[in-house]
Amino acid sequence: MSEGSYQRLWDSSHVTLQELLDQEQPMLQPVPTREWQSFQYRLSSLYLYYLGLLRGFDTLYDQMVQPQKRRLLRRLLDSVAGRVLELKDEMVRVDMCEWHCLDHVLRDLGLTPADLEVPIPKYFRQEQSSILQERELMLAEILSRMEPVSFQEAIMSRTEAIILLQTAERARQGRLRATFIREIRREEERDRKMRESGWHRLNPNQAAITIQKVWKGYLQRKHTQYDRQTEMEFIGMIPLPGLVEHASVANLRQDVRRFRQIEKEEEFQLAISKTHDALRETEGPDIKEKMKEQIRQWFIECHALTGRFPNYPDESLGGSNQIFSDKTPEQVKMELENPVQESTKKEDKNKEKEKEKKKAKEDKTKKSEADTMLKALPSKFIPLINAGHEEYKTLDHMITIAPEVDELMRQELKNLRLAVDREEERPFKAPKKKNVKKKAGKKKKEKDLTPNRSLASLFEELVVFGLLKKCKAVLLKDFVGDCLYLGSTLSLAHKLPMPSLFDVRQNMALYGVLRLGSPDIHSMAPLIRSILLVGPSGVGKKMLVNAVCTETGANLFDLSPANLQGKYPGKAGVQMLVHIVFKVARLLQPSVIWIGNAEKNFYKKVPKEEKEMDPKRIKKDLTKALRLLNPGDRVMLIGTTNQPQLAEMKGLRRTYERILFMPRPDYASRYVLWKHMLHMEKIQVTQTHLDISALARVSDGYTPGHILQAIRLVLTERRLLQLSRRPLMASEFLAHLAKLEPVYREEEASLKVWYFKIPLGMKKIEFNKDLEAEETRLAKEKKKRK
């Protein structure tokens, strides 16, 4: 894209942003519960539009060169990403489900399934690159200092070595001899066939005709193959031959623009310092005098209105910027009084909220659905988006000397008070309320059990014990799956559609990557401390954990029960273990704490063979440590399990705030999986006789891990060399698939039953039952009218 294309994208994005801001206000109006479908549709539309806006801002921030625009873009990018997360939470609250069927919304808005993809800002990994390199060097240094593991080498006698060499040499000579004899027999067979067919009796004309026939057949086959290739390229079934080269050139241009960004940033900083110095020397004194005169006038007006001189705005409130913001003295006075009075107002509001909650609990049985209303919750990010949009309109970047003027005018105000009012500076005080008790239930600060130890020593200890590991480099887009195309149809029929692999990937991008990638997003977005991934083995749970770490540059801590066996024994040891892990995770954030086989921490009954492991010993300390995580602490606990039925539901619910179900891949996802995995092995599916659709149907019940295993077993080095002579057939994979154990329907059904026992699943089932009852009631009323 050229500079003009990015400018057009910049302008069109702000037009879209203005339209979305206009649509935000009606969402705050309450809507009756019976109109939940229209409310859900408007919410989904907003979500999709914000996703498109996020995609555009990410492209602009990654490629725009102007430093001023990039600063504004960064704020807008983070704010729009935060708004996407808020809308996702609203959709979960309205749908009572972690996944959403948006195929009808896509169709109405004229969008494609690609528009559902959650874009991951590129600056997440780019800004973490230097930190990641330092961390890898640290890990490599620690591992090199660790004692190497000694392996017992097999000692072989001289006689055994000679026998082994003789056997290998005789086998090699035998293979050569067999190849030579095979060639001789082929030549003899060829001569025999020529004698029988009478080819040796052909005259020159017949020989020429035969040669022409073979050559023309070869040319025709080449032309047919070329025409087929051209047709497939034209209809978009295979990539164009120059597409890879074009992509590499485009990537090179993007890298060049990134280098230009660094150069322009340095030039911008240098220009700012030069301009600032020039202004201070030439126009600084005049600007100071003008500002002083305006502030003195403001002092006089406030004294005339209130009978006293005002307090000078504090630096935290903006200093003199608050005076020059086109506000009257009365408005400024009210703004200065508000911060003092806000604390008492908040206490009153909290008390009122507690009373309302108590009343709501008592009157739950009395309230009916007609009385309940739906509305969007107030957003923390909309004011930031509004401010960024207004800045786009004005784009006034002025260098001020306000801090110096503020200091002088504060002293002058103090002198005026002493001369006119004969009083010292006094703040506005809100009336004190008697018998105001302090808020109960404040979070206690965690005691530091390792105050005298450095971060490097704690980091090394975790690496040595195998609790801090290097994650596998996997991108989130490598977790392949297709979206559910008939979800809304199933929902209208009051059936509960299961999530696809595409939905799982989107949820991990929203709950994990976007929150951990940016401190600004994490500090203001709805807080999520922990996620539990539930699904059969081989479906890709550990891959998603590695993908979150790769996309955000997060540290990976392994607190799986099997990994903790024999480490940090005793109650004090467990406390120290959890404390060190969470301390290092906070200091080196972003961090992901992974627990494999998470059900073992909450066993209903510990099996005899696992009693020595003591998998439940970390449960209490883990829950306490999670509660101490606040907004801004980019630390997330991710658990994985394939047998959640063995665990206590109450314990899992307390520890894991979000539970995501990962079923077997459906037909669409299996089709995409086969195609993607074969492409990764450099197999062009369109140029072979391979029936992907048949493979996708036959592999029903198999996980992505099974499919990958079957492909690797078939596509050996020898088989890849034979592809030019013997095309790949679908039947070759069946034998290997048959040897693998699939995920049976009974196993998946038991996981579904467990999932719909969690609070969110139970709400969804009850809501569907109520809808069915309401529809049957309306149908009966229609019949009576007829």
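Okay, let's start with one spot: leucine 468 faces phenylalanine 557, which is in E5, from the opposite side. Keep in mind that this is a predicted model. The two strands here are E3 and E5, and E5 covers residues 555–558. They pair in the antiparallel sense, over two bridges.

Now zoom out. What order do the six strands of the open sheet follow? Reading across, you get E3-E5-E6-E7-E4-E8, and the pairing is mixed. At the edges sit E3 (468–469) and E8 (658–661), each pairing on one side only. Then look for helix H27, residues 745–755: it lies across E4 (530–534) and E8, and runs at about 155° to E8.

Most residues other than glycine have a negative phi, and most peptide bonds are trans. So what do we find here? The bond from glutamine 589 to proline 590 is cis, with omega near 5°. You'll find proline 590 in the loop between helix H19 (570–587) and strand E6 (591–596).

Methionine 96 isn't a glycine, yet has a positive phi of about 55°. Its place is the loop between H3 (67–95) and H4 (103–109). Is methionine 96 buried or exposed? With 15% relative accessibility, methionine 96 counts as buried.

Tyrosine 568 also has a positive phi of about 55° without being a glycine. This one is in the loop between H18 (561–564) and H19, and tyrosine 568 is buried too, at a relative accessible area of 11%.

How many aromatic pairs does a search of the whole structure find? Nine. One of them is tyrosine 61 with tyrosine 123, edge-to-face, 5.6 Å centre to centre and with 75° between the planes. Tyrosine 61 is in helix H2 (36–63) and tyrosine 123 in helix H5 (123–145), so this pair ties together parts 62 residues apart in sequence. Tyrosine 123 is buried, at 3% relative accessibility.

Tryptophan 674 and phenylalanine 733 are both buried.

Last stop: ring pairs join Trp99, Phe661, Tyr755 and Phe756 into a cluster. That's it from me, thanks!

Key
Residues are numbered from 1 along each chain as its sequence is written. This is a predicted model: local features need pLDDT of at least 70, side-chain atom pairs count only at pLDDT 80 or more; totals for chains, interfaces and linings use all residues. Side-chain values use heavy atoms; hydrogens and water are left out. Two strands pair if DSSP finds at least two bridges between them. Helices (H or I, at least four residues) and strands (E, at least two) are DSSP runs, numbered from the N terminus. Contact means heavy atoms within 4.5 Å. Axes are lines fitted to C-alpha atoms, for helices over the stretch in contact, and angles run from 0 to 180 degrees between N-to-C directions. Buried means under 20% relative accessible area, exposed over 50%, partly exposed in between (1.4 Å probe, protein chains only). Rings of Phe, Tyr and Trp (its six-membered ring) pair if their centres lie within 6.5 Å; planes under 30 degrees apart count as stacked, over 60 as edge-to-face and the rest as tilted.
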